[in-house]
Structure formats: C-alpha cells, structure tokens
Amino acid sequence: MTGISVLILTWQEEVNIAACVDSCAWSDDIVVFDSMSTDRTCEIARSKGARVLQRAFDNYAAQRSAALSGTDFRHPWVLMVDADERVPGDLRDEMERAVAAADPDVSAFRMRRKDFFMGRWLKRSSGYPTWFGRLVRPDQVRIERDFNEETIGLGRVERLSAHLQHFPFSKGISYWFERHNRYSSMEVVHARRLREGSVRPAALFSLEPLESRRALKRLAYRVPFRPVFVFLYLYVLRRGFLDGRAGLYFSCMRAMYESLIDLKTVESTRREHGRPI
C-alpha cells in the first residue's frame, strides 16, 4: 500500500480493466472514471475493489480534467493510467520513493512507457522514448489538447526511470485502425496549425520534452512525402528492423496513419475552396 491514488479513464474496456486494476492493487484508492460504457467495464472494476464514477465523454482533455478536479482522492498524488497500460513493480517502488522525497514545488513526474506488439517491446520502431506526465498533484497541473493529451505542470516537473507497460493492440488490430482513423480526423486541425509559422531550431533541442516534441512535429509536417519519411525514419533511421516482423508491421501502420492525416488535410482544404474531393 502506498500514498498514491490511481485514476483510470475507461470506455468499453472490459477486455483490459481487470488486468489494469490488478497491476495497481498496491494502491488503496483506485478510481475508474468511465465514459458511460455499456459493456462490463464498470461491473468488473467494482468487483476488483475500484471506485467507479461516470461522466459523458466530450473530449479527452476535458474528461481527464474533470476526473482530476472532480474526484475526492484519498492521497495528494495521483497516477493516471490508461486501461491498456500496466504498472510493474519497479515503477511502483520508484513512485513510492519519489513522492515520499518530493519537494513541495514538484507538481508532476514524467515517465516513459514500453509499447508491446506481437509479444515484444517495440523499442525502436515506436519512436521510444516519449515522456508522459502521469504522476501528478491534481491541483498543480492542467491538461491540454483534445486528444493525445499533454499534462502541463504548474510547478517543477521531474522524471522517473522506470516504465509503464503499454499494450495498444489488446483490443485487436482492427480497433487500432478504428481509433487512429478517429485520431487522424482530429489531427487535421493541429496539422494545419503546425504548418503555420516558423520552426525555431533551438526548440528542436530543448530539454523540455513537450517543447521539443512540438517543434519536431512542426518540422515533420513540412517534409515532402511525409508518410514515406515516417516509415524510413522509424524502420531505418531508428533501426525498427531490429524489432523484427513486429517492427516492420508497426512502421507500416504508422505510415498509413500519417497518410490518413495528409489525405484528410487535403480533403479539408479542397472543401473549404468548394472543390470536389
């Protein structure tokens, strides 16, 4: 048991929720914040001892913000976990030490995660490492972006060494494509914004992960034949071929996702100018 509450956002997660809650059983305060699921998500979560709250979904940032601000957590620190993620023992131990020693001006801790596909960690083709602000003081952070949310610490933000484990294909490959089809539609607005303005070279090398990530995306959206570039970047430059067949498939899927974003951007622009698509 530790002085950390756990927040799990869910929608139709009966496939994942039991294993996720089990991996967080070290906490005496597990809150499942559900988006009005119609499957057995809530039933399973309650059977595992989690508290279940529900709110109709509008967007990812609003849902997470509502969960953080509207929940009476038992502990001052909250770990935000997705249902397809697991918390291994080394991360639990490091978090316990971190919150016990944290200065009052520390508002959040960032961590990385390991993405698994076909039974192996996609160490190279996933673009690892990406840092996520997941262990937070709820009143000292804000959530930005309607999807693929970003957690902004209002105070100092520190890093942890251990990883979350992420299983993005736990609902199947078809679901991955369905979800990324939705994401690509949302990404069009952000893509058009990122193509505007200039890229500051210094931002590409910023020690602040969110700043460098935004600068890289701004630059990437200006690259000709971007989906091909993404494939070559992940599979060749990042040596995704060392991830085996899983690395090849995942690099191809990421290129398909980027193609959807580009095609939908073209569609949006043409419709604005009254051109057929």
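**Note on the predicted model**

1. Met36 is partly exposed, with a relative accessible area of 40%. Buried means under 20% relative accessible area, exposed over 50%, and partly exposed in between, using a 1.4 Å probe and protein chains only. Met36 sits in the loop between strand 2 and helix 2. Its phi is positive, about 65 degrees, although Met36 is not a glycine. As background, most residues other than glycine have a negative phi, and most peptide bonds are trans.

2. On the source: this is a predicted model, in which local features need pLDDT of at least 70 and side-chain atom pairs count only at pLDDT 80 or more, while totals for chains, interfaces and linings use all residues. Residues are numbered from 1 along each chain as its sequence is written, and side-chain values use heavy atoms, with hydrogens and water left out.

3. The protein chain has nine helices and eleven strands. Helices (H or I, at least four residues) and strands (E, at least two) are DSSP runs, numbered from the N terminus. Of the 277 residues of the chain, 47% count as buried. Contact means heavy atoms within 4.5 Å. Among contacts between residues at least 6 apart in sequence, 71% join residues at least 24 apart.

4. The loop that holds Met36, between strand 2 and helix 2, also holds Asp39. Asp39 is partly exposed, with a relative accessible area of 23%. Leaving aside neighbours within four places in sequence, Asp39 is in contact with Gln12, Glu13 and Glu14.

5. Gln12, one of the contacts of Asp39, lies in the loop between strand 1 and helix 1. Gln12 is not a glycine, but has a positive phi of about 55 degrees. Its relative accessible area is 21%, so Gln12 counts as partly exposed.

6. The peptide bond joining Tyr128 and Pro129 is cis, with omega at about 5 degrees. Pro129 is in the loop between strand 7 (120-121) and strand 8.

7. The largest nonpolar core has 32 residues, and those with the most contacts inside it are Ile8, Leu79, Val87, Met95 and Leu135. A nonpolar core is a set of buried Ala, Val, Leu, Ile, Met, Phe, Trp, Tyr and Cys residues joined through side-chain atoms within 4.5 Å. Elements giving two or more residues to this core include strand 1 (4-10), strand 4 (77-82), strand 6 (106-117) and strand 11 (156-166). Helix 4 gives the largest share, four residues. Not counting residues up to four places away in sequence, Met95 touches Ile4, Trp26, Leu79, Val87, Met111, Leu135 and Leu160. Apart from this core lies another, of 14 residues, among them Leu9, Phe33, Ala61 and Leu68.

8. Val136 belongs to strand 8 (residues 132-136). Val136 is buried, with a relative accessible area of 0%. Beyond residues up to four places away in sequence, Val136 touches partners including Leu68, Trp77, Met80, Ala108 and Thr151. Val136 and Ala108 are 28 residues apart in sequence and 4.2 Å apart in space, C-alpha to C-alpha.

9. Tyr60 is found in helix 3 (residues 60-70). With residues up to four places away in sequence not counted, Tyr60 touches Asp146, Phe147, Glu149, Tyr183 and Met186. From Tyr60 to Ile143 the C-alpha separation is 9.1 Å, and the two are 83 residues apart in sequence.

10. The axes of helix 8 (residues 226-237) and helix 9 (residues 244-272) come within 8 Å and cross at roughly 155 degrees. Axes are lines fitted to C-alpha atoms, for helices over the stretch in contact, and angles run from 0 to 180 degrees between N-to-C directions. Helix 8 and helix 9 are therefore roughly antiparallel to each other; angles under 35 degrees count as roughly parallel, over 145 as roughly antiparallel, 65 to 115 as roughly perpendicular and the rest as oblique.

11. On the helix 9 side of this contact are residues including Leu248, Cys252, Ala255 and Ile261, and on the helix 8 side are residues including Val230, Phe231 and Leu234. The residues of the contact divide into nine nonpolar, three polar and four charged. Here Ala, Val, Leu, Ile, Met, Phe, Trp, Tyr, Cys and Pro count as nonpolar, Asp, Glu, Lys and Arg as charged, and the others, Gly among them, as polar.
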